[in-house]
Amino acid sequence: MTTPLMLAIQAAALWSGLLILLMLVLSGIVVSGRRKHMVSLGDGGVAELAAASRAFGNCAEYATPGMIALLLLAAVGAPAWMIHAVGATLLVGRVAHALGLLLQTGPSLGRVVGMLLTWVALLAAAVGMIGFAVV
């Protein structure tokens with residue numbers, strides 16, 4: 001029998017796994033770009049590589065606390081639907097932001113939408129963790 005806690009943990013694991021896969025894809029893009037441009041460290045002043053590095057770095061900077069938040073939401077008793085909502089919003093936000101960096105130079109709609117979705121997901125997670133922790 002699957003308990004509500006187990007469903008919540010499974011939801012956190014699903015979205016964390018998908019976010020990790022996204023980070024691996026973005027990391028692979030950086031490695032590929034470094035090989036292509038013969039750069040062993042940093043971006044070598046290559047705009048395409050700088051964008052790829054920031055897409056990975058920004059994803060890691062935001063997805064990591066997001067994944068911790070997903071697990072903590074499960075630990076404090078948040079329902080699985082809430083964890084799915086936060087996880088899906090975070091993943092869509094991170095994908096949109098990465099595409100905005102990789103496919104366009106300068107400001108882009110993907111970056112704006114991606115950051116807004118990421119902030120919404122992290123805010124919802126923060127409020128949920130606080131709410132479930134004090135009740």
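Modeller: In this predicted model, R54 and E61 form a salt bridge, with their closest N and O atoms 3.2 Å apart.

Colleague: What makes such a pair count as a salt bridge?

Modeller: A side-chain nitrogen of Lys or Arg has to be within 4 Å of a carboxyl oxygen of Asp or Glu. At 3.2 Å, R54 and E61 form one.

Colleague: How many salt bridges does the structure hold?

Modeller: There are 2. One of them joins E48 to K36, where the closest N and O atoms are 3.6 Å apart. E48 belongs to helix α2 and K36 to helix α1, so this pair ties together parts 12 residues apart in sequence.

Colleague: Which class of exposure does K36 fall into?

Modeller: K36 is exposed, with 56% relative accessibility. E48 is partly exposed, at 45%.

Colleague: How does one find empty space in a model?

Modeller: A probe the size of a water molecule is rolled over the atoms, and this shows where empty space is left. Here the largest pocket holds about 220 Å³ of space. It is lined by 15 residues, and those closest to its centre are A47, E48, A51, A52 and L102.

Colleague: Which elements give two or more residues to that lining?

Modeller: They are α1 (4–37), α2 (47–75) and α3 (80–103). The largest share, 5 residues, comes from α2.

Colleague: What classes of residue make up the lining?

Modeller: The lining has 7 nonpolar, 5 polar and 3 charged residues.

How values were computed:
Residues numbered from 1 in each chain as written. Predicted model: local features only at pLDDT ≥ 70, side-chain atom pairs only at ≥ 80, totals over all residues. Heavy atoms only, no water. 1 Å grid on protein atoms, 1.4 Å probe; cavity = no way out; pocket = protein on both sides within 12 Å on 5 of 7 lines; lining within 4 Å. Points joined across faces, edges and corners; volume = space filled by probe spheres on them. Helix = DSSP H or I, 4+ residues; strand = E, 2+ residues; numbered from the N terminus. Nonpolar A, V, L, I, M, F, W, Y, C, P; charged D, E, K, R; others polar. Buried < 20%, exposed > 50% of the residue type's maximum accessible area, 1.4 Å probe, protein only.
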